[in-house]
Amino acid sequence: GVAAVITMLAIGNGAQQEILEQMKLVGVNNIVVTPILDISDESDSDEKQTNNKFSPGLTMADAEGIKEIIPTVNKVSPHIFLDSYVILNGRRKSVNLEAVTNNFFDLFDYKLQEGKYFNNYQMDHGMPVCIIGSKIKNRFFQSSNPIGKKLKCGNEWLTVMGVLEKRNITSSGAGKVDVGDSNDKIYLPIRTMLLRYKNRALITADKLSGNMIFFDGGSASVSSSSETKSENYNQLDKLIIQVKETEQLTPTTKLLARYLNRRHQGLADFDITVPELLLKQQQKTKDIFNIVLGAIASISLIVGGIGIMNIMLASVMERIREIGTRQAIGATRKDIVVQFLAESTLISIVGGVIGILLGILLSYLVTRFAEIKTVVSVFSVLIAFGVSAAVGILFGYIPAKNASERDPVESLRYE
């Protein structure tokens with residue numbers, strides 16, 4: 001019973017700690033806006049109206065407008081992602097480039113192991129600079145200081161300005177909240193990405209509306225392609241908005257939706273999520289689940305107590321003559337109660353200690369083989385052990401009392 005309670009509570013504590021880690025990953029009071037590339041799942045009538053509308057997609061103008069217009073917004077962090085490669089000393093490795101502003105490092109509390117963040121001049125003029133994760137440093141600068149060194153990312157040479165501190169993050173935790181591994185990324189100013197790598201906002205209006213112009217022998221024809229409709233025309237891949245207070249998350253989300261809907265001409269080509277609220281709802285669900293797990297595990301303690309009581313009742317029946325002999329030579333009822341109560345308490349305490357060891361072992365095995373995070377807390381150990389000792393004393397008292405109330409003469413004659 002003790003082992004079951006400790007293991008169940010360890011699973012619950014592990015789930016709670018995982019939620020807290022995920023909250024740190026998504027930041028505090030953040031709202032995430034992502035573009036929707038395929039909006040063709042509408043009805044025919046709605047689709048006709050949609051074809052007459054034009055949306056610029058998620059752009060830097062959205063980010064700047066949100067910060068200026070919505071008063072509850074604290075910081076805005078635009079993001080652009082690009083799969084690229086690094087060539088250094090004849091080695092080529094695939095890497096993930098992420099274009100950000102300095103707000104990104106503040107929102108997610110990223111600390112520098114060495115170096116410095118981007119300055120305003122580098123941000124405004126799109127200078128070829130970058131900040132690398134710890135894995136990138138270990139991969140390309142194993143025996144040298146990367147600060148001031150250059151990395152060839154794609155066709156551009158980027159100067160390393162800083163190295164981020166290593167962050168311990170599980171793949172499962174990152175996947176649940178859609179957060180990549182910062183240790184294995186290269187960060188560059190967002191204007192550097194727009195000027196030197198890609199800027200999807202520069203494509204033509206004809207391409208945005210889904211009409212492609214083909215030239216054949218000097219004559220032009222307009223064609224619509226389903227592939228063009230799902231093409232990513234958004235300048236930004238993600239937009240993270242930090243709200244000043246948690247209480248302002250819901251109203252800010254509604255105001256943000258109205259603002260973006262107006263800027264995007266009524267096209268629902270964006271998705272708004274609030275990771276912290278989702279995680280808190282998930283936390284409530286897991287809390288209920290943990291209570292149920294604890295209740296089920298606690299039943300095993302009661303079952304164990306009943307087992308102790310049965311053992312002690314059997315012990316009383318087997319030692320009736322011994323009880324009679326003790327009473328005949330002067331033992332009081334209190335002495336008999338203390339004798340059998342001490343035995344039941346000893347059984348429960350020994351069982352509790354073994355249960356603690358088994359619980360810790362089971363928790364480790366669950367983490368090792370089931371890949372479920374478990375955290376064994378001192379509180380859960382004390383609770384399980386205390387309840388087991390209390391159950392042992394409670395259920396041991398009943399047979400001890402029965403033994404003390406037996407008639408000495410009948411006990412001596414018992415065969």
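1. Start with Cys130: at a relative accessible area of 0%, Cys130 is buried (buried means under 20%, exposed over 50%, partly exposed in between, with a 1.4 Å probe and protein chains only). Its closest cysteine sulfur belongs to Cys153, 5.7 Å away, which is too far for a bond. Cys153 is buried as well, also with a relative accessible area of 0%, and is in no disulfide. The structure holds 0 disulfides, counting a disulfide as a pair of cysteine sulfur atoms within 2.5 Å.

2. A word on the source: this is a predicted model, where local features need pLDDT of at least 70 and side-chain atom pairs count only at pLDDT 80 or more, while totals for chains, interfaces and linings use all residues. Residues are numbered from 1 along each chain as its sequence is written, and side-chain values use heavy atoms, with hydrogens and water left out.

3. Now have a look at Gln339, found in helix H14 (helices are DSSP runs, H or I, of at least four residues, numbered from the N terminus). Gln339 counts as buried, at 16% relative accessibility. Its side chain makes a polar contact of 3.2 Å with that of Glu322 (N or O atoms within 3.5 Å, one able to donate a hydrogen and the other to accept it; residues adjacent in sequence count only if both atoms are side-chain atoms). Leaving aside residues up to four places away in sequence, Gln339 touches Arg319, Glu322 and Arg326, with contact meaning heavy atoms within 4.5 Å.

4. Helix H14 spans residues 333-369 and also holds Leu362. Leu362 is partly exposed, with a relative accessible area of 38%.

Notes
Helices (H or I, at least four residues) and strands (E, at least two) are DSSP runs, numbered from the N terminus.
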